[in-house]
Amino acid sequence: MHPTNTPTPTPTPQPPTTVLGLGLMGTALATALIKAGHPTTVWNRTASKTGPLAAQGATPAATAREAITASPLIIVCLTTNADVRALLAPEAEALAGRTVVNLTNGTPNQARELADWAAAHGIAYIDGGIMAVPQMIATPGAYILYSGADEAVFATHRPTLEALADTKWVGNDPGGAALYDLSLLTGMYGMVMGVAQAYALIGSGGVPAREFAPLLREWVNAMTDGLVPGMAEALDSGQHLTDVSSLEINQAALPNFLTAYAQAGISDELFRPLQGLLDRSIAEGHAADGLSRLATLLKKGQAVPA
Ligand code: FVH
C-alpha cells in the first residue's frame, strides 16, 4: 500500500496593506494583518517601532511615501486628526487612486473635512472608530465602526478589515463613525466617572476597593441593563413621565451625595454639574419626569461649527 499523496492547500494570497502609525493601537493592527497573512508594510515617525513588526514578517518602509505606494489600502492610526492631516497632505499624489482608512480618534467634522480633502485628490476615504483596546484587536468582542461616502469601496476592503475586528458600517456620512465612536465613549466615560467616585467614597470609610467591587459591578450592570433601553424608549416616544424615579426625588437626594463627598474630603467636581441640571429641569416644569429628560435638557440649540 502506498500512502495517498494529498496536496497541501495553497493559502489564498491576501491583499497587501500598509499601516501608518505604530503606537499601541497601530502595532496591534499591523500584528493582526501579519497574522492573517497580509503582506504588511509599516511606517512610523519613530522608526525604531517598526523593529518588532519586521521580526514578525512586516516590511518596514523608510518613508511614509514608500509605505503608501506599497499597498492599495492604507490604514492610519495616529494621535490626532491634525497629525493625520499633516502626514497625508504632502502625500496626496502618492495616495491618489488608493483607499485611506483612518482609525484615529476625532470629531465628526474632522472626518468630513478629511473626506472632502481626500475626494478633491482622488483618494477614497473611510473613517473608523475602534471600539477596543489594543489587546482586544483580532479577538471576539472587538469591533470597528466605519463610514464614508462610498460603501462599495468599504465592501472591497471589508475582508481585510475583518482581520482587525468585526466591522460595523454606519453609513455614507464620513462623520458617522466618529459620531458613534464618541457617543459610545461618552457612555464609557460617564461610567468611569461614576465608578471612580464610588471607589473614592467607599474608600473614605476604609472599605478596600476589591471588597466593594462585586457589589458595584452588579449594581452598575443592573442599572445599565434597565436604564439604557428605558431612556431610549422615553427619548424616541417623547414620554418622559416616570413611575421609576422622578427628577424631583433625585434633586432632593443629590445634596446628600455632595455633602457626604465634602465630609469625606472627596472632590465633587464630577458630580456638582448634575445639581445644576436637576435644578433647571425642575425650574422648567419637569419635576415628575424621569432621568431621560436630562438628555433633552443637554441640547443647547445651534451646534458649534468645527
Ligand atoms: N489605545 C487605545 O486603547 C485606544 C483605543 C481606541 C482608539 N484609540 C485611538 O487610536 C489612536 C492611536 O492611539 P495609540 O494608543 O496607538 O496611541 P500611541 O501609542 O500614543 O501612538 C500614537 C502614534 O501616533 C504617531 N504620531 C503622533 N503624532 C504624529 C505626527 N505628527 N506624525 C506622524 N506620526 C505621529 C506616534 O508616532 P511616534 O510618537 O511613535 O513617532 C505613534 O505612532 C488615537 O487616536 C487614540 O485615541 C486608541
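Which residue in β2 is the bridge partner of L20? The partner of L20 in β2 is W43, and the views below start from this part of the predicted model. Residues are numbered from 1 along each chain as its sequence is written. Because this is a predicted model, local features need pLDDT of at least 70 and side-chain atom pairs count only at pLDDT 80 or more, whereas totals for chains, interfaces and linings use all residues, and side-chain values use heavy atoms, with hydrogens and water left out.

View 1. Eight strands form an open sheet of mixed pairing, in the order β3-β2-β1-β4-β5-β6-β7-β8. At the edges stand β3 and β8, each with a single partner strand, so one side of each is left without a neighbour in the sheet. Strands here are DSSP runs of E with at least two residues, helices are runs of H or I with at least four residues, and both are numbered from the N terminus. Two strands are said to pair if DSSP finds at least two bridges between them.

**View 2. Strand β1 between its two partners.** Strand β1 (residues 17-20) is joined by four bridges to strand β2 (residues 40-43), and the two run parallel. Within this pairing, T18 stands opposite T41 in β2. Strand β1 also pairs with strand β4 (residues 73-76), again over four bridges and in the parallel sense; on that side T17 stands opposite L73, and V19 stands opposite I75. In a regular strand the side chains alternate between the two faces of the sheet. In β1, T17 and V19 point one way while T18 and L20 point the other way, and all are buried, where buried means under 20% relative accessible area, exposed means over 50%, and partly exposed lies in between (1.4 Å probe, protein chains only).

**View 3. Strand β2 and the crossover from β1.** β1, helix α1 (residues 24-35) and β2 make a right-handed β-α-β unit, a crossover being right-handed if, with the strands pointing away from the viewer, the path from the first strand over the helix to the second runs clockwise. From β2, T40 and V42 point one way and T41 and W43 the other way, and all are buried. Strand β2 pairs with strand β3 (residues 59-60) in the parallel sense over two bridges, with V42 standing opposite P60 in β3.

**View 4. Salt bridges between side chains.** The structure holds six salt bridges, each defined as a side-chain nitrogen of Lys or Arg within 4 Å of a carboxyl oxygen of Asp or Glu. One of them brings together the side chains of D173 and R112, at 2.9 Å from N to O. Since D173 lies in the loop between β8 (166-169) and α8 (176-204) and R112 in helix α6 (residues 108-120), this pair ties together parts that are 61 residues apart in sequence. Both residues are partly exposed, D173 at 34% relative accessibility and R112 at 28%. Another salt bridge joins D268 and R272, at 2.8 Å from N to O, and R272 is partly exposed at 45% relative accessibility. A further one links E284 with R280, whose closest N and O atoms are 3.5 Å apart; here E284 is partly exposed with a relative accessible area of 44%, as is R280 with 34%.

**View 5. A nonpolar surface patch.** M188, Y189, M191 and V192 form a nonpolar patch on the surface, with about 380 Å² of accessible area together. Such patches are made of residues with over 30% relative accessible area and no salt bridge, nonpolar side chains (Val, Leu, Ile, Met, Phe, Trp, Tyr) being joined within 5 Å and like charges within 9 Å. Accessible areas come from the Shrake-Rupley method with a 1.4 Å probe, and for residues only the protein chains shown count as cover.

View 6. The domain assignment of the protein chain gives domain 1 (17-172) and domain 2 (208-299), with bounds that come from an automatic or database domain assignment. The centres of the two domains, taken over C-alpha atoms, are separated by 39 Å. A209 is found in helix α9 (residues 209-237) and is partly exposed, with a relative accessible area of 40%. A209 and Y199 are 10 residues apart in sequence and 6.2 Å apart in space, C-alpha to C-alpha.
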